[in-house]
Amino acid sequence: MSPEELAALLCGEGDERLSLQEFPAATAFYLAAFSCCAPSAVQRVNSMAHGLWERVVATLEAWCQGKAQIPKIQSRNLAVVSLSVGIAAIFLSTLIPSNVVASVYELEALLRRGCSEEVVRKCNLLLEANPRGSMELLLLRALARVLSGTQVEKGIVDYIQAFVLHQAEAAAYVCSRQREHLPQVVQAFSDHLSTCQEKSSSCSSLEQWLGECYRFLAAVAPGHAWVCRARAARLRKTGEFQECVAVCTKALEGSSAENLRGEDVLALLLERAAGYFFLGGCTQEMMQDLAAAFAADSARAMKCFEELFSACDAEKIEEQARAALEGRFAAYREAVRARAELRGTCGTELLPPVIQTIQLLLHICPGSSRELRVRLADCHLLQGHPRAALDMCEQLLAAEQSTYHNTLLALRGFCSLHSQDHQRALQDFQRVIEHESPHPSSCIKALCGRGLIRISGGSNYLTALDYITACQLKLDETIFTIKSYVPWNQRGLLLKVLQEEGQMMLQKKRYPGGSSVCFQKKQTGLCTSLTLKVFCFVGFFSPSRDAPGVFQLASLLVELDSSDEASRLLCADALYQMGRGEEAHEMLSLALSRNPQRAPVLARLALLQLKRGSVYDGNQLLRRLIRIGDSSCLLPVLDIFQDEDRKLLQSHCRWRALAILQGKQEAAAIREAIAHLSFAILAAGRRSPGCP
């Protein structure tokens, strides 16, 4: 069978498909016929009605443009029919010699073979023949000029010309048909823009040209690292800060973020930080980006930082960072203060942002390095990393500068305490306390640390003195120190020791007469000038005036654990001894409302009611105490109450017992009378420490 006969048969099959309006299949048969005998196929297609001819041409153009695939066909006359886009382009150009789509496909094939100069020449001829030109031809010539290396600037002009006329179509064409050459195109624009920006001129036409270049790059390579960086820098310079932030965010968090190099990430972080800074009201976000950039590469980040921000800007950033630092640390302190569980560590999760802020300030404020490193050591200790904190303290104490000396000693003391080196810790704490003018905060830490160490040495009373002294200096700071610096597994023991010592101070059981402080001073010789000043101020050297110090101690204990009843009772007892019976009564009444069957609370309230002259209420409370059957709770109470109040209880209970015995003789009444007599005997047997 001759080629002409075979082509005629294939065209016949194409006509059949055409009658069924299967245009892709029909066009494929005509294309197969063209590959066998071109004149026959061309004649058959050109003889069609105009509408059908247009549908065949449109199908061929779609194949050449890659918008559709050539369908596979099975002919009755050929075993296999192999078709390609290249044959389709030749068929199309034969049908229409001036067809742009066919020309573009042929020129693209020529460009793939490296014939860029020839492609430029042919594009010029085609565009001269049709002055309005074609977007595809213009973009093809642009790429050819860029690849030639000798007409790059003209190629960039072609790209922008096509983009301005057909933005969406031009971007889609470049992204699909020129994808493999995008790196060269971007590099060409990069070099061009660098040259333009070096010019001192800032005329409106240049600004407009630069804007078009950046818009083109954003359309064809939105995820390219350099494009994102360049666009962000451009938007920042033109005052479009919100858009600058958006571009950086999309690049850092988008689908192409994983392909970014470290230096690109760093540059984008700093650009976004600058956008946040100039936008205003985004301090947290700005600091997050700055911290991340400096953490990645501090030297490169510092260089970029100095390029982006003026000295005045840097000062404002420092102010904002310091304000944020204080705010974040205040939030941590508040979380510690509000912590319900004494042994808990709630709030430490707020320290990483504090540390991050300090590390940022260390980079941008080298002149404040020592102060910031002291704060960093403090945060490491609070976070539970005493080894890191100790290393920093050692370095800072070994330096020539002597500022923050007491602060560092106190911190190092707690670091040593955490590592069980009590001897070294005690030495550091002692040096802070014995300083001529110790810093109050450091002194409180030292007193709390020394008091904790004294427990292990059996000097519990001295522990109480240290904590009372700390409370006199500043109660809030003492609470914070215990909740944050004292190891969590030692806070419970500390609480119990302070409760017991406070109770014994009120009961005057610590010593046989005289002041507790004086006695301990004689025994140990460790009472410091600071301790003496504080205790003299509150009158601690008078045996009758231990109560104010115990009240301070009890207030501390209540703040440490508000659910602990023993601390509240100690506070009420101290208030009583200070002559503030009404306040003690209110505190005990509140405690009784929470637990109506607590014998220690009933006993104290009964005595206070009798003291107030409320005989009936006092008697009712005593009867409730008798029903509970815990008369032993009166013993510590009687040790605390004054002689006149004990005598009042004694006479009341004796009188009540006699009144009961003179009335009913039932067993229950007799038991109640006996209980009252027991109370009277107990009251008569308790004497004040000063009595013979």
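These legends accompany close-up views of a predicted model. Local features need pLDDT of at least 70, side-chain atom pairs count only at pLDDT 80 or more, and totals for chains, interfaces and linings use all residues. Residues are numbered from 1 along each chain as its sequence is written, and side-chain values use heavy atoms, with hydrogens and water left out.

**View 1. Helix H2 covers residues 23-36.** Helices here are DSSP runs (H or I, at least four residues), numbered from the N terminus. At 1.5 Å a residue, the 14 residues of H2 should span 20 Å, and its end C-alpha atoms are 20 Å apart, which agrees; the expected span is 1.5 Å times one less than the number of residues. Eleven of the 14 residues are buried, among them Phe23, Phe29, Tyr30 and Phe34. Buried means under 20% relative accessible area, exposed over 50%, and partly exposed in between (1.4 Å probe, protein chains only). The buried residues of H2 pack against H1 (3-19), H3 (38-46), H4 (50-64) and H5 (85-95), where contact means heavy atoms within 4.5 Å.

**View 2. Glutamine 21 sits in the loop between H1 and H2.** Its phi is near 60 degrees, a positive value in a residue other than glycine. Glutamine 21 counts as exposed, because its relative accessibility is 60%.

**View 3. Glutamine 420 lies in the loop between H22 (405-418) and H23 (422-433).** Glutamine 420 is not a glycine, yet has a positive phi of about 70 degrees. At 53% relative accessibility, glutamine 420 counts as exposed.

**View 4. Isoleucine 670 belongs to helix H37.** With a relative accessible area of 32%, isoleucine 670 is partly exposed.

Terms used. Helices (H or I, at least four residues) and strands (E, at least two) are DSSP runs, numbered from the N terminus.
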